[in-house]
Amino acid sequence: MARCKIIGVVALALAFAPALQAQSAYYRHAFFDNSQQSDFYWNSTAQAAAPSTLELQHRRLPVETKYFLSPPNAIRLQWQSQSGGGWDAEIHLVNFPNRFPELSGQYLYFWVYSPSAIAAADLPEFLLSDAREGLQVAEFPGSFTAPEPLGKYTGDLPAGKWLRVRVPMHSLRSASVFEFHPERLQSLIFHQGRADGAAHTLIIDQVHVDDEAAAASNLAAAGKAPALPVPSQLTATGYERHVLLHWEAAETAALAHYVIYRSRDGGPYEPIGMQLPGTHRYSDFIGSTDVKASYRVAEVDWSNRTSAQSAPAAAATHAMSDDELLTMLQEAAFQYYWDGGEPNSGMAHESMPGDDRIVATGASGLAIAAILVGVDRHFITRAQGLARLTRIVTFLERAPRYHGVWSHYMNGATRETLPLFGMLDNGGDLVETAFITQGLLTARQYFNGPAAGERDLYQRITKLWEGIEWDWYRDNAQSDYLYWHWSPQWAFQIRHPLIGFNEVMVVYLLAIASPTHSVPADLYYSGWAGQGERALAYRQGWSGSADGNHYGNGNTYFGIKLDVGVGTGGPLFFTHYSFMGFDPHALHDRYTASYFENNRNIALINRAYCIANPKHYAGYGADAWGLTASDGPTGYKTPAPDADNDTGTITLTGALASFPYTPEASMAAFKHYYRDLGAQLWDIYGPRDAYNPTVNWVSPIYMGLNQAPIVAMVENYRTGLLWKTFMTNPEIAVMQKKLDEATAR
């Protein structure tokens, strides 16, 4: 993480399960290590009541970049407490998607520093809350502790010296009507203590929870604890604006994180960032070409002991051609699925950081496309790609199937279905299954050589494909639709019909193409492009617009005619997921002569909307566009180019996965994201998920659904590899003939 770092975006080495365990262990202890934003910490809130004052930025706590323990920053409290006034400053736990925020330990530790001495009586008070709202405790049954004087745990604070604070949380008294649960800690809150009228500054860093034994602490303090291993085999590779580091390390239970040091122009080595256990890669965004830098890496434990530094490795940034930049982009995003794949199954995580158990069926289908590109681009060998696909297929063969259909989410270690969206979501998910089937069929044709391993994979994928009962998900022979879900316990109770136009077009195409459980091609027009009242209400309901509620649209937006699409076209993933393998050039129906041209127009409308920027958000423009589903400041959202769904969040995959449709505009966006905003937006898996410049937010996670479309669609722009490969499946030609006949009727 270059310059700005966070509690961690991780790369999990697929070959080593301990890497996964290291990430899980880290998040059971880490509460705060540093801020992704360089000016204020997003996961904080603060306020002051006159005449007291507290330094604020956008009602959040400022970031300190001069004094820190875990580079490159810490949190700064700068206050003046006056009689009759007050202030409070809340540091909140980062809650990653789907990860239950349970911490392990009875002691809260954090480090404090002040440039000037502060008497114990003049330090603030603090309390803890197990609700995300902190002092408001709006979540039931949220609780908070009684205020404690910080000076009770620090004594007088000397100037210019870091001091470790140790708070036994089990001894804190609850001040709420509910019991306080240390394992659910969500907020560390400082507030005004004695009103001494003086200005004070307190720096806070490395907040974590643990059960560290006093004896171990004393050993570390006395310098008698075993020395930490030194990272080895450090390498540095220079690109246009960043340098990528990789190292090897023997990790022990004592390891808290790695610190990366950089020297420029022969100067001293300065700490520039940190990385988590289990992750042996680091991206240093330098920001310009022709810069030479040398690096070292060291291990650090929770007591802030540091190992000796590794042997140095040097690299230089250099100018790169557009073609080289695209290869760089693809390889970085590919690593999400390669280094970051779930170690037991080979499947893709829904998000990282997130719940390490959860693998996503649809994201894994997109990942297969990325792996094929990785083989073809020589990021990995053909043998490595075949081995990974074999692992994925083995997992799918043994996983629960519901009339041949896989669930949306599974446990990567046990294969069990995970009903993440509620009790009814405990069966088959036809859409996710279609996405992974598209990937599998592309892989079947790619690994179609004479070698025994490839022949075996071909046959096993064919058996999986032929076992999917698409017709079962019609519910009955009279149904006009395919349905999204079926459960052996709840049957079709969710009853979500698949109605277009949106991201699930490939479901109907594959269902018609099935050699064993096909549906009539006429279902495409009764269901996907249906004209009944239910279909019209469905389209208008999610879009908020009557434009396109008859599937065909025909309106012109920003001078661009849209044949098919609801409203102004919707989020851009509609043009990506179904077309990772299926070539939109080869698809037409009663409503458009070319889905490639229609997808292009959806992308052009999206870009034109961002240029017009009717809601006046910061950062939008001709080189900053791409409204589509992603992480957002308030969680997962589906931004789109319309008044209801435009939130100011730009999803990087939106423009980057649209390369086949808008190559010049997508390249301009890529160069802007990388060259101008790379310090915030570029990391070990390439471009981050999303950012919102209006509120100065950058996503702390990557998503499995967003990195693979970048890899795949850039390749479809460059060589057409995946389109050409998927379309060689003989069942697809049969499907096209059936659809043409239905279109003519």
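Two strands are taken to pair if DSSP finds at least two bridges between them, and the strands themselves (E, at least two residues), like the helices (H or I, at least four residues), are DSSP runs numbered from the N terminus. The structure described here is a predicted model, in which local features need pLDDT of at least 70 and side-chain atom pairs count only at pLDDT 80 or more, whereas totals for chains, interfaces and linings use all residues. Residues are numbered from 1 along each chain as its sequence is written, and side-chain values use heavy atoms, with hydrogens and water left out.

The secondary structure of the chain amounts to 18 helices and 32 strands. Its radius of gyration, taken over C-alpha atoms, is 27 Å, close to the 27 Å that the globule rule (2.2 Å times the number of residues to the power 0.38) gives for 745 residues, so the chain is as compact as a globular protein of that length. The C-alpha trace spans about 85 × 55 × 50 Å along its principal axes. Of the 745 residues, 62% count as buried, where buried means under 20% relative accessible area, exposed means over 50%, and partly exposed lies in between (1.4 Å probe, protein chains only). With contact defined as heavy atoms within 4.5 Å, residues 24 or more positions apart account for 72% of the contacts in the chain with a separation of 6 or more. The chain exposes about 26,000 Å², of which carbon and sulfur atoms supply 52%; these areas come from the Shrake-Rupley method with a 1.4 Å probe, and for residues only the protein chains shown count as cover.

Strand β5 (residues 74-80) has five of its seven residues buried, so it is largely enclosed by the rest of the structure. Strand β3 (residues 53-54) runs antiparallel to β5 and is joined to it by two bridges, with leucine 54 standing opposite tryptophan 79 of β5. Strand β4 (residues 63-64) likewise pairs with β5 in the antiparallel sense over two bridges, and here valine 63 stands opposite isoleucine 75. Six bridges join β5 to the antiparallel strand β12 (residues 199-210), in which leucine 202 is the bridge partner of leucine 77.

Two bridges connect strand β30 (residues 690-692) to β31 in the antiparallel sense, and tyrosine 691 has valine 698 in β31 as its bridge partner.

A search of the whole structure finds 48 aromatic pairs. Rings of Phe, Tyr and Trp (its six-membered ring) are counted as a pair if their centres lie within 6.5 Å, and planes under 30 degrees apart count as stacked, over 60 as edge-to-face and the rest as tilted. Phenylalanine 40 and tryptophan 42 form a tilted pair, 6.5 Å centre to centre with 35° between the planes; phenylalanine 40 is buried at a relative accessible area of 0%, and tryptophan 42 is buried at 15%. The rings of tyrosine 525 and tyrosine 591 have centres 6.4 Å apart and planes at 40°, so this pair is also tilted. Tyrosine 525 lies in helix α10 (residues 523-528) and tyrosine 591 in the loop between β26 (560-561) and α12 (595-612), so the pair ties together parts that are 66 residues apart in sequence. Tyrosine 525 is buried, with a relative accessible area of 8%, whereas tyrosine 591 counts as partly exposed at 24%.

Phenylalanine 726, in helix α17 (residues 721-726), is buried with a relative accessible area of 0%. Leaving aside neighbours within four places in sequence, phenylalanine 726 is in contact with Gln438, Leu441, Thr442, Leu510, Gly581, Phe582 and Ile732.
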